[in-house]
Amino acid sequence: MEAMDAPVQSFFSQAYILGGSPCSGKSTIAERLASQYQFQYYMVDEHESEHTSRCQQDRHPVMFKFSKMNWNDIWLRPVSIQVQDELKYYQERFEMIIQDLEKYDLGMSTILEGAAFLPNLIKPYGVDPRHVIYIVPTKEFQVHHYQLRPWVQTILNECEDPRQAFDNWMMRDHLFGQEILRQARAFNYQTIVVDGKLGVDEQFEKVRNHLGLAQTD
């Protein structure tokens, strides 16, 4: 591993990180936290296209491969390969995230949100476990809420077998979430499994309390 930039490492040590897998509500919670506490907010998904445009075949082989694939190619591959590629994709992309964060005010509190903040990627930066939480939905919750998103069907319409593509997609995200939980627990990072029993406000309060922000009000 290359030597870490000291200011960025210090930045990570005081940042608040919401990671996990898709469809868990982490973006909604992160936005509320950033708004309520006037924090800087870095949402990985907002930088997707820009990161893709920066990928290089020799440095980012998986990212580069994805940039040339259509939805049919992506979702009709074996699920085990999809999961492996998803993890490698975020590993390759992390250097771009670090470059992005160097442009932020390193002395100001920041919410970092996204699936790309894998536990094994942030661990070397000395992140305070009290400032980290990983949110993962149950498979049932995930499937139900994905089916409510209009843009999902637009993607599936580009696949030769939309039903199989959706099943593969859901299994990939489920297995990705299980790997996130495994990593997070190995590093003693807090986790939440979302099953719909808690409302959005209750979920928000649970995260806020773990991050120690409720005590600052």
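Let's start with Cys23. Cys23 is buried, because its relative accessible area is 9%. Here buried means under 20% relative accessible area, exposed means over 50%, and partly exposed is in between, with a 1.4 Å probe and protein chains only. Cys23 sits in the loop between S1 and helix H2 (26-37). Its phi is positive, about 65 degrees, although Cys23 is not a glycine.

A word on the model. This is a predicted model, where local features need pLDDT of at least 70, side-chain atom pairs count only at pLDDT 80 or more, and totals for chains, interfaces and linings use all residues. Residues are numbered from 1 along each chain as its sequence is written, and side-chain values use heavy atoms, with hydrogens and water left out.

Now a second residue with a positive phi. Gln38 has a phi of about 55 degrees, and Gln38 is not a glycine either. Gln38 lies in the loop between H2 and S2. Is Gln38 buried or exposed? Gln38 is exposed, with a relative accessible area of 58%.

On to the sheet. Helices (H or I, at least four residues) and strands (E, at least two) are DSSP runs, numbered from the N terminus. The sheet is open and has five strands. Their order is S2-S3-S1-S4-S5, and the pairing is parallel. Two strands pair if DSSP finds at least two bridges between them. Which strands stand at the edges? Strand S2 (40-43) and strand S5 (190-194) do. Each has a single partner strand, so one side of each is left without a neighbour in the sheet. From one strand to the next, the twist averages 15 degrees.

Look at S1. Strand S1 (residues 16-20) and strand S3 (residues 110-113) run parallel, joined by three bridges. Tyr16 has Ile111 in S3 as its bridge partner. For Ile17, the bridge partner in S3 is Leu112. S1 also runs parallel to strand S4 (residues 132-137), with four bridges joining them. There, Ile17 has Val132 as its bridge partner.

How many of the five residues of S1 are buried? Five of the five are, so S1 is largely enclosed by the rest of the structure. In a regular strand the side chains alternate between the two faces of the sheet. In S1, Tyr16, Leu18 and Gly20 are buried on one side. Ile17 and Gly19 are buried on the other.

Gln190 is in strand S5. Gln190 counts as partly exposed because its relative accessibility is 34%. Leaving aside neighbours within four places in sequence, Gln190 is in contact with Val132, Ile133, Tyr134 and His210. Contact means heavy atoms within 4.5 Å. Gln190 and Tyr134 are 56 residues apart along the chain, yet their C-alpha atoms are separated by 6.3 Å.

Last, a helix pair. Helix H8 (residues 139-146) packs with helix H10 (residues 162-186) at an angle of about 135 degrees, with their axes 10 Å apart. Axes are lines fitted to C-alpha atoms, for helices over the stretch in contact, and angles run from 0 to 180 degrees between N-to-C directions. H8 and H10 are therefore oblique to each other. Angles under 35 degrees count as roughly parallel, over 145 as roughly antiparallel, 65 to 115 as roughly perpendicular and the rest as oblique.

Which residues of H8 meet H10? They are Lys139, Gln142, Val143 and Tyr146. Their partners in H10 include Phe166, Trp169 and His174.
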